[in-house]
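Subject: Structure handover

Hello,

The structure we talked about is below, with sequence and coordinates together. My notes on it follow.

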Amino acid sequence: MSIAWYLVVSAFIFALGVGGVLVRRNPLVILLCLELMLNAANLALVAFSRMHGNGDGQIFAIIVMVVAAAEVTVGLG
């Protein structure tokens, strides 16, 4: 598959997250929409990492997942 498909899906997920952050007032829903935005960024990072043939983007995506897990912990607390 072409990298363009991954980037289109990533942009769509990111746009959904931005729309949720701008429209919703519930803090928990805003955190979930921020999670969508982080996952879209992770998908783009992994796609570019695969295109270039190195693991730098995948390592950075794991770091972003750790930040997202900490955010979920704060949201559930």
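For solvent exposure, buried means under 20% relative accessible area, exposed means over 50%, and partly exposed is what lies in between, with a 1.4 Å probe and protein chains only. This is a predicted model, in which local features need pLDDT of at least 70 and side-chain atom pairs count only at pLDDT 80 or more, while totals for chains, interfaces and linings use all residues. Residues are numbered from 1 along each chain as its sequence is written, and side-chain values use heavy atoms, with hydrogens and water left out.

Overall layout

The chain has 3 helices and 0 strands; helices (H or I, at least four residues) and strands (E, at least two) are DSSP runs, numbered from the N terminus. Along the sequence the pattern reads α-α-α. Taken along the principal axes, the box filled by the C-alpha atoms is roughly 40 × 25 × 15 Å. Of the 77 residues in the chain, 21% are buried. A contact here means heavy atoms within 4.5 Å. Counting contacts between residues at least 6 apart in sequence, 51% join residues at least 24 apart.

H2 against H3

Two packed helices are described by the angle between their axes and the distance between the axes. For H2 (residues 27–52) and H3 (residues 56–76), the angle is about 170° and the axes are 8 Å apart. Axes are lines fitted to C-alpha atoms, for helices over the stretch in contact, and angles run from 0 to 180 degrees between N-to-C directions. H2 and H3 are therefore roughly antiparallel, given that angles under 35 degrees count as roughly parallel, over 145 as roughly antiparallel, 65 to 115 as roughly perpendicular and the rest as oblique.

The contact of H2 with H3 has 12 nonpolar, 5 polar and 3 charged residues. On the H2 side the residues include Leu-31, Glu-35, Leu-38 and Asn-42, and on the H3 side they include Phe-60, Val-64, Ala-68 and Glu-71.

Individual residues

Which residues does Glu-35 touch, not counting those up to four places away in sequence? They are Ala-68, Glu-71 and Val-72. Glu-35 is buried and has no salt bridge, and the nearest side chain of opposite charge, Arg-24, is 16 Å away. A salt bridge is a side-chain nitrogen of Lys or Arg within 4 Å of a carboxyl oxygen of Asp or Glu; for charge, Lys and Arg count as positive and Asp and Glu as negative, with His and the chain ends not counted.

Gln-58 is in H3 and, at 37% relative accessibility, is partly exposed. With residues up to four places away in sequence set aside, Gln-58 touches Val-46 and Ser-49. Its C-alpha atom is 9.9 Å from that of Ala-44, 14 residues apart along the chain.

Ser-10 sits in H1 (residues 3–23) and is buried, with a relative accessible area of 7%. On the same terms for sequence neighbours, up to four places away, Ser-10 touches Ala-40, Ala-41, Leu-43 and Ala-44.

Between the C-alpha atoms of His-52 and Tyr-6, 46 residues apart along the chain, the separation is 14 Å.

Regards

Note on methods. Ala, Val, Leu, Ile, Met, Phe, Trp, Tyr, Cys and Pro count as nonpolar, Asp, Glu, Lys and Arg as charged, and the others, Gly among them, as polar.
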